[in-house]
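Please read it alongside the model.

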Amino acid sequence: MKKPKVAFFDFACCEGCQLQIANMGELLLDVLHLIEVVEFREVMSEKWDKDFDIAIVEGSITTEHAVERIKKLRERCKVLIAYGACATIGGINGMKNNFDLDKIRQTVYGKDYKYFATIKTQPLDAIVKVDYYINGCPVYIPEVVKVLKAALAGLPYAVPDYSVCVECKLAENVCMYEKGVTCMGPITRAGCNSWCINNGNLCYGCRGMVSNPNQNGAKDVMEKYHISVDAIKNKMDMYNTCRELKDEQKKR
Amino acid sequence: MSKRNVKINVEYLTRVEGHGNIVVDVRNGELNQCELQIVEAPRLFEGMLCGRSIFEAQHITSRICGICSCGHTLASIQAAEDAIGFKPSDQTIKLRKVLLHLENLDSHLLHIYLLVAPDLLGVKSFVPLIDSHNKVVRRALRMKKTVNDVCDILVGRHVHPISSIVGGFTKLPTPKNLDAMLNLLYGMQPDMEATIELAATLKFPQFSRDTEYVALVSDTPEYPMLSGEIGSTDGIRMNKKDYRKITNEFIVPHSSAKFCKLSRSSYMVGALARFNLNSEKLVPQAKEVARAIGLKPKCINPYLNTAAQLVECVHSLAEAIHFIEELKGKGVDYSQEIVVGIDEKGNIPICAGNGVGAVEVPRGTLFHNYEVDKKGIITKANCIIPTNQNVNSIEHDMKKLVPEILDQTDDEIRLALEMLVRAYDPCISCSTHFLNVKFVNR
C-alpha cells in the first residue's frame, strides 16, 4: 500500500500542538511507518508543492492573507484536519474579538499599528470545509492518535458531544463548584479526560461547547452556587468568542 | 573579495519556531541588504491581557508559545506576584526551579537533536536520520518523552502547564510522584552521556563577532535562572524593574523588527550569554563537559550557542534531580496546595501595583511586566521575549558573515545563514511586538 502523504501547516498559533507530535516519543516512529510526512516547517526543511492526501492545520485565521492561503491549501488536499483549539474554535486568539481591532492594535503597536493588518479571528471552518476536528489547547495525544487512525482508514470520527463533567466524574474529582470555583466543564465538550481538573485547575472551555448545552441545568448550578452570568461570560470570552461570529454568519 | 552578485531570499525559514524570512542582496561584492524579516501574524497578547485578572494571566500568556510555555508561565507568575507584593514560599520556589530546569532541558534537546543536528549531519531534517541514525533519533525522542513525562507528573503537562499558578501549585507531588520523577531523571543519565559523546563529534562552523552578552546574574553560588539582577559582559548590572533600560527598544528605518541594544550596537541573550556570564556557577559535571568540548568564556562564536545548550542540559538535569531530592528529603508540605480562583476567596491580598518578571528561559531573558488596579485587573501589559532581543545581534552577525564567505556558492551561503539564525534558536511566534514588518507578498 502506498503511504498517504501528510503535511502540517500553521496559521496564528503557538505551535504547541505541533510540538505535541514530537512529544509522542518513539510512538512517533510507529506513526511515521504509516504515513509519509511531506512538509512540516517547524521540524523539516523539505518542502512540497504538489497535492497531498491529508493536511493537518494548526492555528486560526487572523489576516486576509491567511484567508487566501487556507483556501489554496484546501484545494490541494483530500482531507483537512483542524488541529488544536485555534484551528477548531478560534481558541485564545479569539480573545482579541472582544476588542475594537483598531484600539487593541494601538495598545500593542502604538501609532504604527496600521502596518499590522488583522481581521477578526476565525476558526478554519469559517472559511473552508473541515473533515476532522482535533480539539484542545493543547491537543490530547490519545485523541490525536484516534483521529489519525480514523482519517487513514477513511472512517468518521465524532468528537464526544457530552460535557467534560462526565469524564471528570469518572476521574473522581471533587466538583470545582463545590470548591467555589466557576468551571466551564458543564458546557464544554469532553475528550480530554478532564485533564485540567485532574491537576487542580478549572476547565477553561478550550475544546468548545457541546452542541446542546443543558441551559436549565446550568441555571440551577449557577443559582445553587451564587454564580453570576458575568463570571461565566468572562470565561466564555477566552476560548469561545468565535462561536458568536459563527452564529452571525449562519444568520446571514 | 569577489565582485559577484548574490541574492538570497529564504521564505518561511524552516526548523525554527514561527515565521521568518532571510533576505540578502549583494551587488558587485557589496552588501546592499541583509535582514531577518519577521512575518508572524500579530496575535496582540498584550492587548488581550487588558481587563483580565492577574490570576488569569498565566493561563493566557503560556499560550504565547508552545515550546516555552513553562517559561512564560513562570515569568507571568513572577510579574503578577511582584505587582501585588506576594512572596512565594521556599517550597514553591523550589518546585518552580524544577519546572524551569525541565523546560530548559526539553527545549534544548529539541533544538540540538531535531533542529540543529540535521544541518551538521548534512540532511534536511530528522526524517532521513530515522534510517541513517536510527539509534540517535530514538534516543532524542526518548529523552524528550522522559522530560515530558516528568512535567506531566509535576504540572499536568509540558505544553501549557496546568497546576503552576499565581500563589503556588494547585496539585503538589506525592512521595510516589517524587520517586517516579527521580526514576525517570536518573534513568535518563546514560542517554545524556551518549548525547555528550555525540556532541563531541559534531563540527560547528567557525565564525566570531565580539558583542555584549546579557543574562541574569546574582551574588549567590547558584547558576541564576529564576531570579537575580540583569547583568552584562560589559559590566552592566541593573534591577529587573529597570528592564526597559536594558532592552532600549528602538526602530530602524531599514528593518523589519523592533531592535534592542545596551552598551554597543547589539547584544545577545540565551545559553551562550548565560555561559559567558555565569559558567563558574555550573555544576561540576557541566563544567567538565564544557572543558571536554572546548567551550570557554567568553566565547564569541554564536554557532556555539548550541554547544552552550548542551552544557546547560547537563546542568539542568543535575539541578532538577538535586531539587527533587531536597523536596523528598524534607517532605512536601501539602497544606500549601492552593485552590485555583483563590482570588475569589480573598486568600491572597490584592493591591494595585506594577510588577516585573525576569526569567532565564531556554532562549534568554524573558520579561513580563503588568500594571494592575486595586482589584487585580491588568491595565497595561508588556512582554519582551529573548528573540526580540536577539534579532539585532543576528543581523549584525549576518552582515559580518556574508562578506567573509562570498567565495562560497549561493547554496552554501544560504545554508550558513540559515544555520546561524537557527543557532540562536529563535522563537518567532513568541515575538509579541515586532514593528514595521515588511510583509512579503506571496
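The points below treat the model as a whole, then each chain, and then the contact between the chains.

1. Basis of the note. This is a predicted model, in which local features need pLDDT of at least 70 and side-chain atom pairs count only at pLDDT 80 or more, while totals for chains, interfaces and linings use all residues. Residues are numbered from 1 along each chain as its sequence is written, and chains are lettered from A and ligands numbered from 1 in the order in which they are written.

2. Chain A overall. Chain A contains 11 helices and 5 strands; helices (H or I, at least four residues) and strands (E, at least two) are DSSP runs, numbered from the N terminus. Its radius of gyration is 19 Å, close to the 18 Å that the globule rule gives for 252 residues, so chain A is as compact as a globular protein of that length. The radius is taken over C-alpha atoms, and the rule is 2.2 Å times the number of residues to the power 0.38. Along the principal axes, the C-alpha trace of chain A spans about 55 × 50 × 35 Å.

3. Burial and contacts in chain A. Of the 252 residues in chain A, 46% are buried. A residue is buried if 20 or more other C-beta atoms lie within 10 Å of its own, exposed if 12 or fewer, and partly exposed in between, with C-beta atoms placed from the backbone. Among contacts in chain A with a separation of 6 or more, 77% involve residues 24 or more positions apart; two residues are in contact if their C-beta atoms, placed from the backbone, lie within 7 Å.

4. The sheet of chain A. An open sheet of 5 strands has the order β2-β1-β3-β4-β5 in chain A, with parallel pairing; two strands pair if DSSP finds at least two bridges between them. At the edges are β2 (36-40) and β5 (132-134) of chain A, each pairing on one side only. On average, neighbouring strands of this sheet are turned by 25 degrees against each other, direction ignored. Within the sheet, β1 (residues 5-10) and β3 (residues 52-58) of chain A run parallel and are joined by 5 bridges. A:F9 has A:V57 as its bridge partner in β3(A). Helix α3 (residues 64-76) of chain A lies across β1, β3 and β4 (77-83) of chain A, at about 130 degrees to β4(A). Axes are lines fitted to C-alpha atoms, for helices over the stretch in contact, and angles run from 0 to 180 degrees between N-to-C directions.

5. Domains of chain A. The domain assignment divides chain A into domain 1 (5-153) and domain 2 (164-251); such bounds come from an automatic or database domain assignment. The centres of these two domains of chain A, taken over C-alpha atoms, are separated by 24 Å. In chain A, 20 residues of domain 1 are in contact with 16 residues of domain 2. Helix α4 (residues 85-89) of chain A gives the most to the domain 1 side of this contact, with 3 residues.

6. Chain B overall. Chain B has 15 helices and 12 strands. With a radius of gyration of 22 Å, close to the 22 Å that the globule rule gives for 442 residues, chain B is as compact as a globular protein of that length. Of the 442 residues of chain B, 57% count as buried.

7. A sheet of chain B. In chain B, 3 strands form an open sheet in the order β10-β11-β12, with antiparallel pairing. β10 (353-361) and β12 (378-384) of chain B stand at the edges with a single partner strand each, so one side of each is left without a neighbour in the sheet. β10(B) and β11(B) form a hairpin with 2 residues between them, and 9 bridges pair them. B:V361 stands opposite B:G364, and B:A358 opposite B:F367.

8. In α2(B), 8 of its 8 residues are buried. Helix α14 (residues 386-404) of chain B lies across β10, β11 and β12 of chain B, at about 130 degrees to β11(B).

9. Contact between the chains. The contact takes 52 residues from chain A and 52 residues from chain B. On the chain A side, the elements that give two or more residues are α1 (16-22), α2 (27-34), α5 (101-109) and α8 (195-198) of chain A. The residues on this side of chain A divide into 28 nonpolar, 15 polar and 9 charged. Ala, Val, Leu, Ile, Met, Phe, Trp, Tyr, Cys and Pro count as nonpolar, Asp, Glu, Lys and Arg as charged, and the others, Gly among them, as polar.
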